[in-house]
Each structure stands twice: as C-alpha cells, then as structure tokens.
Amino acid sequence: MSEIKRIKEESGEARNKALEALFADYDNNSVTVTELPSKGKFYKNFQGVEVSPLTFTDEQRILNSRGDGEDIVSKLLEKTVRGVEIEDLLSMDKMYLLMRLRELSYGDMYEFNITCNSCTTDIKTSLKLSEHLNMNQVEDDLMDPREIVLPKLKAKVLVRFPRSKEEKFLTGGEHTLKNIFRFIVSINGNQDPVFINQAIKRLHLMDIKTIINEVTKGEYGIDPRFYFECPECSHTETMAIPMDVGFFSVS
Ligand SMILES: [Zn+2]
C-alpha cells in the first residue's frame with residue numbers, strides 16, 4: 001500500500017509541476033491603470049488601480065443575477081479592481097473601469113444590437129472599443145467640493161460629486177430633483193439640509209439645471225457616442241454604445 005501511495009505522490013508532484021509550467025504566464029493577466037478620468041484626484045492615497053479579468057464563475061454570476069436589482073456592476077468591480085474603494089468611485093471612473101474590465105475579459109471588439117430609431121430594425125453592430133471610447137479627463141484644478149454661482153439667484157452653491165454608493169439617488173427626472181440636495185454642501189454658506197431642500201423647491205429651472213450639470217459632470221469620463229448608419233433604411237444618427245451589464249453577456 002505504501003508503495004502505491006508513494007508512486008501516486010510522485011506522479012502527482014510531476015503533474016503539479018507540469019501544470020505550473022503550462023500556466024506560468026497565464027494567471028498574471030491583470031493590468032495596472034494609472035490614468036482615470038478623474039486622475040484619481042479625489043481618492044485617498046491613489047496610486048493607480050489593478051484590474052483583473054473576470055473568471056468563468058464571475059460571468060455565470062452575472063448571467064444568473066439579471067434583474068434582481070442588485071448593483072451587479074459594483075459587485076463585479078469589487079471582485080476585479082484593487083487600489084480604490086468601489087463605493088467611493090465617481091461615475092466617470094466607474095464606467096471607465098467597467099470598459100477596461102470588459103476589454104481585459106473579452107477583448108477589444110464589442111458586438112451589440114441597436115434598434116434603428118427610424119425603421120425599428122434590430123441591427124447587429126460591432127465596434128472596436130479602444131478606437132471609439134475616448135476618455136475625457138478632469139482639469140487639474142477641479143475640486144471636490146467646488147463652488148458655483150447660480151445664474152438666476154446669484155447665490156454661491158458648494159456642490160460635491162456623488163460616489164458610487166450614492167448613484168441610486170440620481171436615476172433621473174423627479175427622483176434626481178428630490179435627491180439633489182444631498183450633493184449640495186451649502187448655499188451661501190448655509191449647510192442646513194432642510195434649508196437647502198426648501199431652497200431647491202423654489203429655484204428657477206435654469207438654476208436647477210446648473211446644479212444637476214455640475215453635480216454629475218457628464219462631460220468627463222468616456223464618451224460612448226458613435227456614428228450609426230442603418231444598413232436597412234440609411235438613417236444616420238449619433239447613438240450611445242450600450243455600456244452596462246450587457247457588456248458582459250458574451251455567449
Ligand atoms: Zn433603419
């Protein structure tokens with residue numbers, strides 16, 4: 001018995017060595033990203049982030065969690081990104097890291113269906129992400145929080161960036177309007193949240209839009225727009241590359 005066991009152990013060791021040799025360079029697929037849309041300016045001790053590709057198990061988890069309401073994008077990034085707290089990420093960086101994660105896991109080509117707004121045909125589209133998604137970085141002097149002056153009321157408003165964990169407050173329309181006070185630090189120095197909330201209700205549309213634009217800073221990050229030309233009806237339009245969990249639905 002001891003003879004058989006010894007032989008097994010020996011062959012096992014040889015097998016392990018062979019496996020290690022086979023995968024020597026294989027498990028080191030992570031990349032280090034130092035350039036973020038925010039330049040990492042608003043994270044503590046930022047020194048770049050490391051992104052590792054998704055595993056098959058991760059992919060299965062995404063496919064199985066469709067539609068159950070959890071923030072799967074954050075979960076994915078928590079598993080694959082080191083060097084920054086995911087819940088503190090700015091939206092611009094979150095989308096950028098999601099794109100890098102996709103590239104690392106599936107390659108640069110992205111195939112997706114898009115519905116033509118003119119003839120409503122579903123068109124299979126294929127784009128090389130690295131050529132289409134340009135990153136727009138913040139200026140060096142951008143602060144968080146930062147002061148703006150409302151165009152109508154002329155009041156000084158201190159606003160701050162929403163973090164990943166707060167994205168649920170900014171889903172658009174009335175919901176965003178109801179919650180925008182959370183991202184206002186002060187109005188003319190007054191920090192009372194009730195005062196701020198009451199003041200928002202009385203603001204001119206132009207002032208509200210100024211605050212929302214400043215809080216979300218949509219001009220930074222990656223620009224998902226591409227030029228769409230419908231092969232069915234020749235309609236042309238600038239459209240957005242769908243960048244969400246569908247990113248990871250390669251079958
Ligand atoms: Zn069309």
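Visitor: Where in the chain is T120 placed?

Guide: T120 sits in the loop between strand 4 (109–115) and strand 5 (122–128). Strands here are DSSP runs of E with at least two residues, helices are runs of H or I with at least four residues, and both are numbered from the N terminus. By the way, this is a predicted model: local features need pLDDT of at least 70, side-chain atom pairs count only at pLDDT 80 or more, and totals for chains, interfaces and linings use all residues. Residues are numbered from 1 along each chain as its sequence is written.

Visitor: What makes T120 count as buried or exposed?

Guide: A count of C-beta atoms, placed from the backbone: 20 or more others within 10 Å means buried, 12 or fewer means exposed, and in between is partly exposed. T120 has 10 other C-beta atoms within 10 Å, so T120 falls on the exposed side of the cut-off. T120 also has a positive phi of about 60 degrees, although T120 is not a glycine.

Visitor: Why is R160 called partly exposed?

Guide: R160 has 17 C-beta neighbours inside 10 Å, so R160 lands in the middle class. R160 belongs to the loop between strand 8 (156–159) and helix 6 (173–179).

Visitor: Which residues does R160 touch, leaving out those up to four places away in sequence?

Guide: D144, P145, F183 and V185. Touching means contact here, that is, C-beta atoms placed from the backbone that lie within 7 Å.

Visitor: What makes a group of residues a nonpolar core, and how many residues are in the largest one?

Guide: The members must be buried Ala, Val, Leu, Ile, Met, Phe, Trp, Tyr or Cys residues, joined through C-beta atoms within 7 Å. The largest such core has 27 residues, and L77, V81, Y96, L97, L98 and M99 have the most contacts inside it. Strand 2 (49–51), helix 3 (72–80) and helix 4 (91–106) each give two or more residues to this core. Helix 4 brings the largest share, seven residues. A second, separate core of eight residues includes V157, V159, I187 and I211.

Visitor: How do you know which side of helix 3 its buried residues are on, and what arc do they cover?

Guide: The buried residues of helix 3 are V73, L76, L77 and T80. They cover an arc of only 95 degrees around the axis, which puts them on the same side of helix 3. That arc is taken from the directions from the helix axis to the C-beta atoms. These residues pack against strand 2, helix 2 (56–64), strand 3 (81–82) and helix 4.

Visitor: Why do strand 1 and strand 3 stand at the edges of their sheet?

Guide: The sheet is open, with three strands in the order 1-2-3 and antiparallel pairing. Strand 1 (31–33) and strand 3 each have a single partner strand, so one side of each is left without a neighbour in the sheet. To pair, two strands need at least two DSSP bridges between them. Strand 2 and strand 3 are joined by two bridges, so they meet that cut-off. Within strand 3, R82 stands opposite E50.

Visitor: How many bridges hold strand 11 and strand 12 together?

Guide: Five, with strand 11 (residues 225–229) and strand 12 in the antiparallel sense. F226 has M239 as its bridge partner in strand 12. The hairpin has six residues between the strands, and there S234 takes a positive phi near 65 degrees.

Visitor: What makes you say strand 12 is hardly covered?

Guide: The count of buried residues among the five in strand 12 (residues 236–240) is zero.

Methods. Two residues are in contact if their C-beta atoms, placed from the backbone, lie within 7 Å.
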